[in-house]
Amino acid sequence: MEIRGVFIQDTFAEAFGMRAARLVITARTHKWAREAALKLTGFATSVIACKCEAGIERELGPAETPDARPGVSVLFFTMDMDSLGKRLVERIGQTVLTCPTASCYDGLPEAADRLSAGRALRVFGDRLQMSKIVGGQRYWRIPVMEGECLIQESFGVQKKGVGGGNFLVLAVSADAALAAAEAAVKAIEGTPGIILPFPGGVVRSGSKVGARGYTGMIASTNDAYCPTVRPRTKSELPDGVNSVLEIVLDGLDAPAISRAMRAGIDAACRPGVRAIGAGNYGGKLGPYHFHLRQVMADE
Amino acid sequence: MSDSVRLTLRAAIDQPIEIDGLTPDRTANLTEADIAALSVLAGSHRAALGDFFTVQGERSDRLHIEGDLRNVDGLGAGTASGELLVHGSAGRRVGAGMAGGWIDVRGDVGDDAGLGMHGGALRITGDAGDRLGAAPAGAAKGMSGGEIIVNGSAGAEAAARARRGLIAVGGNVGAEAARAIIAGTLVVFGGIGANPGRGSKRGSIVALGEIDIPSTYAYACSYQPTYVRLLLTYLYRRYGMDSPNGVLDGPYARYCGDAGNPGKGEILKFEQV
């Protein structure tokens, strides 16, 4: 399969089941909502070292938020429920509670499974906090020096979240790879239910499971796609490819991942790109397999 | 099974009748004949519902009642689910003790509407009488859940002894509003009568109009509570209660009270800028 002269490899992205939450952060202005969201989603690229993956889903207008203020929608992923609850408490507590004028609401109100992160955070109020029920949902009003921080008591959990959807951009140069990756990110950004947890949505250090040279490593460089060591390893790089970048996607469900991959791959098929590949572990680790040619064939 | 059950008052009633127990969740399981045979209390006598109303439809949890119902008490009392639409003004105890469902009154209601209710939503497009959402006689607590929306004004003792839940009044409320309130919220878009929040334990009074703050409430600060924004936005989106200009952003003066009790209650008074 080729798209505008770019070869689509006959391979698949291997992804994992994750637990996901959607947070709606609002503030007096978009600037402050974004400040809180950026801190909340900071250092959250991979569960391997960050214990969670998070990113901004999209900006929200006042008509889309519970308190009619500007907001930001954030998606948050971990491998299990217990960890999700802990990370939410840590991160909301350190980033939204601290951020001027910011509030935090649940963005998955229909979800049956729920985590009481707001309830855990209420104790910061040292028994001076108040709870209020609006529309059947409980909110905590925590006194802070600025005035009051409002945090919803419980957050819905999507148990069928998917982490690790991905595709590789194999290009003739680093500039071409970066331009294609940026185009892919632009095409994916704002897709409902999708985040790109890595810097700017792009990964340069794709990994393989474990390491050959060191024991105890969970992951090490994906040398098969590293151009500088092509002669020293079992390279998977086609001739003429001198740089590879990876787009990693987390989504609320598998169809969202497919839609976003399709948009991103299509945008990445541009001059200077030789092929589009994907990262997998032979299909033995992750239950979700996104076959590139099938993804691109689906409409 | 019908799309709805419709009761139409045959003729004007000159003495109060009580039809407690006529709820949409009940008509959902009754035939037209069964509904007409339901017992009502007319003065000291038992009578059949069909003596006063024509009944159309059966086995539906959408119940419509129409006519001049000002002498009909207990409409929708104890409703647990379904939808009751009252086309006209109603008597006392509308929606008293309701646990769920939706009651919509297109007119005024008498005293004791939503008395002791603990779930569901009661909306009144006109005015309400005294003790809206308050405690039944002798009971320790008033409404303990659910929402009451009054587009007009309400009488005295609205939300008295309320334990939880939300009451929003588009017009004014009378004296002793939220008396001894235990928790919950009373939002008043108009003015509030004398002695609001007297003896409150917790709970919130949100005053968008005139209010005399009792001396037993202590001024805390002037600020912009996001909670009020959330609440008013919810009332607009869910019930179409339009907020006057400026009230979303505040500022609000916060008063803590009542000093005679633990003092965990509050009055949030909108401050005209």
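The dialogue below walks through a predicted model with chains A and B.

Biologist: What should I know before reading this model?

Modeller: Residues are numbered from 1 along each chain as its sequence is written, and chains are lettered from A in the order in which they are written. As the model is predicted, local features need pLDDT of at least 70 and side-chain atom pairs count only at pLDDT 80 or more, while totals for chains, interfaces and linings use all residues.

Biologist: How many helices and strands are there in chain A?

Modeller: Helices (H or I, at least four residues) and strands (E, at least two) are DSSP runs, numbered from the N terminus. Chain A has 7 helices and 19 strands. Its radius of gyration, taken over C-alpha atoms, is 21 Å, close to the 19 Å that the globule rule (2.2 Å times the number of residues to the power 0.38) gives for 299 residues, so chain A is as compact as a globular protein of that length.

Biologist: Which residues have the most contacts inside the largest nonpolar core?

Modeller: In soluble globular proteins, nonpolar side chains tend to be buried together. A nonpolar core is a set of buried Ala, Val, Leu, Ile, Met, Phe, Trp, Tyr and Cys residues joined through C-beta atoms within 7 Å. Buried means 20 or more other C-beta atoms within 10 Å of a residue's own, with C-beta atoms placed from the backbone. Here the largest core has 163 residues, and A:Ile25, A:Val169, A:Ile276 and B:Ala159 have the most contacts inside it. Strand 3 (residues 12–26) of chain A gives the most to this core, with 9 residues. Domain 1 (2–14 + 162–297) and domain 2 (18–158) of chain A, with bounds from an automatic or database domain assignment, both give residues to this core, so it lies between them.

Biologist: What does A:Ile276 touch?

Modeller: Two residues are in contact if their C-beta atoms, placed from the backbone, lie within 7 Å. Leaving out residues up to four places away in sequence, the partners of A:Ile276 include A:Val6, A:Phe167, A:Val169 and A:Leu292.

Biologist: Where do chains A and B meet, and how many residues take part?

Modeller: Each chain gives 14 residues to the contact. Strand 8 (130–134), strand 9 (137–144) and strand 10 (147–152) of chain A each supply at least two residues of the side that touches chain B.

Biologist: In what order do the 4 strands of the open sheet in chain B lie?

Modeller: Strands pair if DSSP finds at least two bridges between them. The order is 4-3-2-7, with mixed pairing. Strand 4 (45–48) and strand 7 (72–73) of chain B are the edges, each pairing on one side only. Strand 3 (residues 39–42) runs antiparallel to strand 4 in chain B, joined by 4 bridges.

Conventions: Buried ≥ 20, exposed ≤ 12 C-beta atoms within 10 Å, placed from the backbone.
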